[in-house]
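Dear colleague,

Please find the structure below, followed by a short account of what was found in it.

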Amino acid sequence: MLEATRAVTAAMSTASALGLTVDDAVVLQNSNRLALRLLPCDALARVARVANHNAQLEVELAQRLAETESPVATLDSRVEPRVYECEGFVITLWTSYEPQSPRKVSPADYANALGRLHAGMRKLDVATPHFTDRVAQAQRLVASCDHTPALADSDREFLSHTLRSLRRAIVDHAAAEQLLHGEPHPSNVLHTRNGPLFIDLETCCRGPIEFDLAHAPEEVIERYQNADQELLRKCRTLVLAMVAAWRWDWNDQFPDGRRMGTELLDALRKVPLS
């Protein structure tokens, strides 16, 4: 987690220097990045350490996707749309959206928005990581006893084999690839009066659309058109394995993550890889 007090101070100081009125900040999320609502100006600030961020890519993608009318959250129009640095942190300022009721996006609207996002992304030529780079990160984590010390040897071997086999199977499938969100799960979808909007573009990568769909709920996938079902099955299992790897990281901050890591390994053992 970020050092919240220092990060909040940096965000408030930056926004104030840009002419926004900031008297308070409400922390919305604190993980590898801090998300907070600045008041009374009502701006959303995202804060990350300078040494570990993809803020510039996220800003560029948000601007270019907005030009294609893709369903993404926009940068705050009151300040210059760029990455700001302060006290060892990078800060970006975004539009703050009033939550709608119900907060959960309907499966049909979710699927439609994801399809529109993919259509907009197909129009962009932006250098991003490949989805296999994300898999490689999980593989390195599993291979490191220092980073996953509680992972039993048999589980480590099983998870390593699962990640390696599925990565190869998906690449060998040779499906069409494009720019992807990377993690379009429900936590990265806002229900706004303008419809569903996707956030957190820092995970964008290239790969088959099925890799994105693998992060969505089943009822959303059922409403998405023209997905390769066999490839989707492999991608869903791969994502399950990647999430399992994150949960065994000694530095993982996910609530009750160790229990989830165990449950994910049990679930993976019941899924055929071929």
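**Findings**

A hairpin connects β1 to β2 through three residues; strands here are DSSP runs of E of at least two residues, and helices are runs of H or I of at least four, numbered from the N terminus. Strands β1 (residues 22-30) and β2 (residues 34-40) run antiparallel and are joined by seven bridges, where pairing requires that DSSP find at least two bridges between two strands. Asparagine 30 stands opposite leucine 34 in β2.

This is a predicted model, in which local features need pLDDT of at least 70 and side-chain atom pairs count only at pLDDT 80 or more, while totals for chains, interfaces and linings use all residues. Residues are numbered from 1 along each chain as its sequence is written, and side-chain values use heavy atoms, with hydrogens and water left out.

Aspartate 228 caps the N-terminal end of α8, with a side-chain oxygen 3.1 Å from the backbone nitrogen of glutamate 230. The buried residues of α8 include Leu231, Cys235, Val239 and Met242 (buried means under 20% relative accessible area, exposed over 50%, partly exposed in between; 1.4 Å probe, protein chains only). Among the elements that the buried residues of α8 pack against are α5 (153-172) and α9 (257-268), contact meaning heavy atoms within 4.5 Å.

Glycine 115 lies in helix α3 (residues 107-121) and is partly exposed, at 23% relative accessible area.

Kind regards

Key
Polar contact = N/O pair within 3.5 Å; in protein donor to acceptor, adjacent residues only side chain to side chain.
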